[in-house]
Amino acid sequence: MTPKKMKTRQVPQSHYRTYLKKAGEFFDAMNAALNSGGWDAAGLNAAHCAISATDALVVFRAGLRCAGESHAEAVELFERYWGAEQDGKAGSLKRILSCKHLAAYEDREMSESEAREVAKITRRFFEWAQGRLA
């Protein structure tokens, strides 16, 4: 079976640093929101941190960035280029991204425990990504 065609765009591999920097800024914003009780802001910044870290990883490895509408495509691209090396991080990425919908679009607020849990998963994912890109 032919792999599904994904919408991507080429990016110079050296630009992974830009995406990693963005991930760091979202990570800092996530922590600031946690410290001030902004649970939805923490959840949304966690998702943006993970997306930018994923972009950094794939740009570093393949010189590509997901240009599709679905975050599922970004996860698939990550799995394609990091394969066995990703240590189950694709599952963490999916969990983080599932919180984006709650934080941004649902008609209820994210709870403190939900925000703290996604922040913990995001911290681990971001630190793992930084270690691969150091």
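The loop between α3 and α4 is where D87 is found; helices here are DSSP runs of H or I with at least four residues, strands are runs of E with at least two, and both are numbered from the N terminus. The phi angle of D87 is near 50°, a positive value in a residue other than glycine. Most residues other than glycine have a negative phi. D87 counts as exposed, at 55% relative accessibility. On this scale, buried means under 20% relative accessible area, exposed means over 50%, and partly exposed lies in between, with a 1.4 Å probe and protein chains only.

The model is predicted, so local features need a pLDDT of at least 70 and side-chain atom pairs count only at pLDDT 80 or more, while totals for chains, interfaces and linings use all residues. Residues are numbered from 1 along each chain as its sequence is written, and side-chain values use heavy atoms, with hydrogens and water left out.

How are α3 and α4 arranged? They pack at an angle of about 165°, with their axes 10 Å apart. The axes are lines fitted to C-alpha atoms, for helices over the stretch in contact, and the angles run from 0 to 180 degrees between N-to-C directions. α3 and α4 are therefore roughly antiparallel to each other. The classes are as follows: under 35 degrees is roughly parallel, over 145 is roughly antiparallel, 65 to 115 is roughly perpendicular, and the rest is oblique. The crossing in which α3 passes α4 is right-handed. A crossing is right-handed if the near helix is turned clockwise from the far one by less than a right angle, and left-handed if anticlockwise.

Which residues of α3 and α4 meet? From α3 they are H71, V75, F78 and E79, and from α4 they are K89, A90, L93, K94, L97 and K100. Contact means heavy atoms within 4.5 Å. By class, this contact has 5 nonpolar, 1 polar and 4 charged residues. Ala, Val, Leu, Ile, Met, Phe, Trp, Tyr, Cys and Pro count as nonpolar, Asp, Glu, Lys and Arg as charged, and the others, Gly among them, as polar.

The next pair is α4 and α5. Their axes come within 10 Å and cross at roughly 140°, and the two helices are therefore oblique to each other. The crossing of α4 and α5 is left-handed. Among the residues making the contact are L93 and I96 of α4, with T122, F125 and W128 of α5. The residues of this contact divide into 8 nonpolar, 2 polar and 5 charged.

T122 deserves a moment. Its place is in helix α5, and T122 is buried, with a relative accessible area of 1%. Leaving out residues up to four places away in sequence, T122 touches M30, A46, C49 and I96. Q130 also lies in helix α5, but Q130 counts as partly exposed at 34% relative accessibility.

The C-alpha atoms of A56 and R17 are separated by 6.7 Å, although the two residues are 39 apart along the chain. A56 touches Y16, Y19, L20 and L133, not counting residues up to four places away in sequence. In helix α1, E25 counts as partly exposed, at 46% relative accessibility.

Apart from its neighbours within four places in sequence, L57 is in contact with F78, W82, F125, W128, A129, R132 and L133.
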